[in-house]
Amino acid sequence: MVTHKNGTPPIQPNGIYARIVGWGMAVPDYVMTNDEMSAIVETTDAWIQERTGIKERRIASDKESSATLGYRAARRALDVANILPIDLDLIIVATSTPEHIFPATASLIQDWLGASRAGGFDLSAACSGFVYALDMAAQSIRSGSIRTALVIGSETMSRVLDWTDRSTCILFGDGAGAVVIQASDQPGGVLSSVLRSDGAGCDLLAIPTENARENGEHKVNRMYMAGSEVFKFATRVVDESLRQTTEKAGISIEDLKLIVPHQANQRILATVAKKLRLDMDRFMSNMDRYGNTSAASIPIALCEAIEQNKIQQNDYIALVGFGGGLSWAAMVIQWGVPQRDEQRSRLNEQRRKAFYWFVWWRRRVLRWQRSVNNFTKRFRPKQ
Ligand code: ACO
């Protein structure tokens with residue numbers, strides 16, 4: 001992409017731009033308040049609110065997972081985009097809490113959606129994952145190799161928390177957000193991004209698995225974090241990466257209508273706002289209601305910003321994520337959504353309903369066929 005430093009957005013030499021055309025979110029129904037948290041670990045509502053800005057978070061039920069929440073968010077994003085899942089070329093799920101090491105959460109969602117022409121994979125970059133994933137999708141679109149992608153950030157952090165550690169379990173929540181991103185000949189959409197990591201900080205924030213080199217210091221499949229170190233890292237890289245990505249996009253920080261940051265701690269946002277000399281109302285914040293939902297926090301905040309009319313056509317917005325790795329990522333988007341043709345939307349809604357009904361039955365029939373085959377195999381004569 002060519003960068004113009006005179007305030008003009010970058011021009012794509014091949015004339016293909018990557019624009020967000022759909023968005024959706026899904027959170028569990030169960031709300032856990034700070035008071036409920038204080039019955040689990042030694043803490044208070046006042047401490048949590050004052051030190052983090054969090055009032056409550058959503059916690060997944062036994063029937064919910066990163067895959068089911070991601071699927072619900074994806075369905076909504078596809079409805080807004082007014083497209084069928086068969087139009088998807090690629091599905092990327094940013095998550096640190098997949099149901100399996102493999103198959104990818106993206107594969108489960110691909111099957112449930114009936115997105116039979118799409119490739120899919122999971123991306124692990126902790127709380128920066130959604131911005132990384134969106135950049136991967138945007139690059140594939142702008143290169144001309146694909147046309148439409150679904151990018152999901154989905155987490156069930158409650159399953160990997162150490163519920164005896166008050167310095168971490170109070171911070172996190174569960175949820176998912178998704179966007180549909182599509183090729184367009186209209187300049188705008190994803191303009192620039194900066195993706196970075198610093199593995200020297202890999203032991204500041206982690207979830208060790210059974211495969212980790214054992215030193216007995218940390219619990220397997222439970223998150224641990226050196227909070228104040230991560231806090232210092234976050235305040236440094238958010239400010240730095242926002243400056244870098246706006247410069248790449250040929251705009252200034254002041255041109256940003258809204259910054260949609262990873263929702264980790266209200267005090268991190270206040271520190272960054274001060275460093276950048278911006279009012280706090282330029283930062284989207286909803287962590288008071290959802291806590292830190294890791295890779296899901298940016299798409300959830302983006303959805304709520306759109307619903308609250310905080311973003312208008314042609315506005316410049318920035319996304320910025322930071323977390324485990326250590327990793328961080330920032331992106332500038334020039335917002336612009338195609339006008340909806342209401343008649344076509346209604347027709348497509350009927351087609352989508354019929355499509356999802358067909359997909360549901362097809363999945364059941366295929367699984368039933370497989371069970372019948374396995375059963376009858378026992379009675380077939382051996383060759
Ligand atoms: N309730 C009451 N007291 C507490 C609690 C609690 N829930 N948690 C810690 N404390 C106590 C500590 O024990 C400590 O007590 P002490 O002084 O007697 O030892 C005191 O509060 C201060 O502890 P700190 O850790 O210094 O508290 P701090 O103000 O730094 O806040 C926090 C901790 C909220 C974790 C903060 O450091 C933070 O938000 N860090 C950044 C987290 C982040 O950005 N994560 C993003 C990435 S997440 C990802 O990638 C998955």
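**View 1. Surroundings of E155.** Not counting residues up to four places away in sequence, E155 touches S66, L69, T95, S96, T97, D174, G175, T293, S294, A295 and A296, a contact being heavy atoms within 4.5 Å. The model is predicted, with local features needing pLDDT of at least 70 and side-chain atom pairs counting only at pLDDT 80 or more, while totals for chains, interfaces and linings use all residues. Residues are numbered from 1 along each chain as its sequence is written, and side-chain values use heavy atoms, with hydrogens and water left out.

**View 2. Polar contacts of the E155 side chain.** E155 is found in strand β6 (residues 148-156), strands being DSSP runs of E with at least two residues and helices runs of H or I with at least four, numbered from the N terminus. The E155 side chain makes a polar contact of 2.6 Å with the side chain of T97, and one of 3.1 Å with the side chain of S294; such a contact is a pair of N or O atoms within 3.5 Å, and within protein one must be able to donate a hydrogen and the other to accept it, with residues adjacent in sequence counting only if both atoms are side-chain atoms.

**View 3. Residue L242 in the largest nonpolar core.** Among the 47 residues of this core, F233, L242, I259, F283 and F322 touch the most other members; a nonpolar core is a set of buried Ala, Val, Leu, Ile, Met, Phe, Trp, Tyr and Cys residues joined through side-chain atoms within 4.5 Å, where buried means under 20% relative accessible area (1.4 Å probe, protein chains only). Helix α7 gives the most to this core, with 8 residues. Leaving aside neighbours within four places in sequence, L242 is in contact with I253, I259, L276, A318, V320 and A330.

Notes
Buried means under 20% relative accessible area, exposed over 50%, partly exposed in between (1.4 Å probe, protein chains only).
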